[in-house]
Amino acid sequence: MAMAMVSHLSLSSAAALRRQCPHALRTVWHRSSSQHWGGVKRQSSSATITQAALQIDLVPCLVDNYAYLLHDTASGTTGIVDPSASGPVIKALKEKGLTLDYILNTHHHWDHTGGNADLKKEYNAKVVGPRADQERIPGIDIALRDGETWMFGEQPMRVLDTPGHTRGHVSFYFEKNKSVFTGDTLFSIGCGRLFEGSPEQMWISLSKLAALPDDTLVYCGHEYTMSNAKFALTVEPQNGALQSRAQQVKELRQKGLPTIPTTMREEKEFNPFLRPFSAELRKSLKVATTASDIDAFAAVRAAKDRA
Ligand SMILES: [Zn+2]
């Protein structure tokens, strides 16, 4: 049931995306039914996830932020994505016997850059961030533009401009490693608030991310999955994939485990912000079947803002 839905909706999305942003997409969402997917092992916050020699550790910060410690084993390069504060990062580095080479910021908000100054001072680390927003990234050293590939040790990292939450927001895509760090653009079962962008901008940003391969692991900036699931069930109560995910999230959170990473394929199955074409969602939000995906997306965002 869920598979059939995915195939149908993925194809309609692909057509919609080609219409809306034909040049932004290198690939389109594709059928997942023919692809093998081995599933993702849910990890505790202290566990390490290694793919293609890039080790990734979740570093919980503040109340519900996640920073991510990256270590490229081939080159010994170490980085941290979106350090809210320096304390938890220094602790994680000490536990692993590592020092820090890079600080990677998806956007300028303090809960993603609060640790920059201390970490830079402590380790002489270089700050990497969006060129489009370089004046707001504290201590930036390396400003990267949309589509640029930068080497994190031996790991190619592609920068994707994903504005909407802020005007200069970027996501970091490690193609070899099949991982994307989405900051506050894409959450599991959710997306960021539109502080500085339009629904159209955010929909194009999310579409860029959704066009990444299905087995891309998604690492987002916050543990919001439980409340996101609650909202999503109000707009797509019959979505079987969403029902299963909501149950899984409940169990993980009861055990104090993170719900991250998730996968792009899963998000396309149950994230309402990637599903504005869903008939059930449109019916729930009283969006006409003839309305554009952008308008339907805007309705989902507005409903979540009111929730
Ligand atoms: Zn933010």
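## Helix α10

This is a predicted model. Helix α10 holds 14 residues. From first C-alpha to last, α10 reaches 20 Å, close to the 20 Å expected at 1.5 Å a residue.

Which residues of α10 are buried? They are D293, A296, F297, A298, A299, V300 and R301.

## Packing of α5 on α10

Helix α5 covers residues 199-210, and α10 covers residues 293-306. Their axes come within 9 Å and cross at roughly 100 degrees. Angles of 65 to 115 degrees count as roughly perpendicular, so α5 and α10 are roughly perpendicular to each other.

On the α5 side, P199, E200 and W203 make the contact. On the α10 side, the contact is made by D293, I294, F297, A298 and R301. By class, the contact has five nonpolar and three charged residues, with no polar ones. D293, F297, A298 and R301 of α10 are also buried.

## The nonpolar core

The largest nonpolar core has 72 residues. V59, Y68, I80, F172 and L206 have the most contacts inside this core. Helix α5 supplies the largest share of the core, six residues.

Y68 touches I56, D57, L58, V59, V81, F181 and Y219, leaving aside residues up to four places away in sequence. One of these partners, V59, is itself among the core residues with the most contacts.

## The whole chain

The protein chain has 10 helices and 15 strands. Of its 307 residues, 50% are buried. Among contacts with a separation of 6 or more, 61% join residues 24 or more positions apart.

Note on methods: Residues are numbered from 1 along each chain as its sequence is written. This is a predicted model: local features need pLDDT of at least 70, side-chain atom pairs count only at pLDDT 80 or more; totals for chains, interfaces and linings use all residues. Axes are lines fitted to C-alpha atoms, for helices over the stretch in contact, and angles run from 0 to 180 degrees between N-to-C directions. Helices (H or I, at least four residues) and strands (E, at least two) are DSSP runs, numbered from the N terminus. Angles under 35 degrees count as roughly parallel, over 145 as roughly antiparallel, 65 to 115 as roughly perpendicular and the rest as oblique. Two residues are in contact if their C-beta atoms, placed from the backbone, lie within 7 Å. Ala, Val, Leu, Ile, Met, Phe, Trp, Tyr, Cys and Pro count as nonpolar, Asp, Glu, Lys and Arg as charged, and the others, Gly among them, as polar. A nonpolar core is a set of buried Ala, Val, Leu, Ile, Met, Phe, Trp, Tyr and Cys residues joined through C-beta atoms within 7 Å. A residue is buried if 20 or more other C-beta atoms lie within 10 Å of its own, exposed if 12 or fewer, and partly exposed in between; C-beta atoms are placed from the backbone. The expected span of a helix is 1.5 Å times one less than its number of residues.
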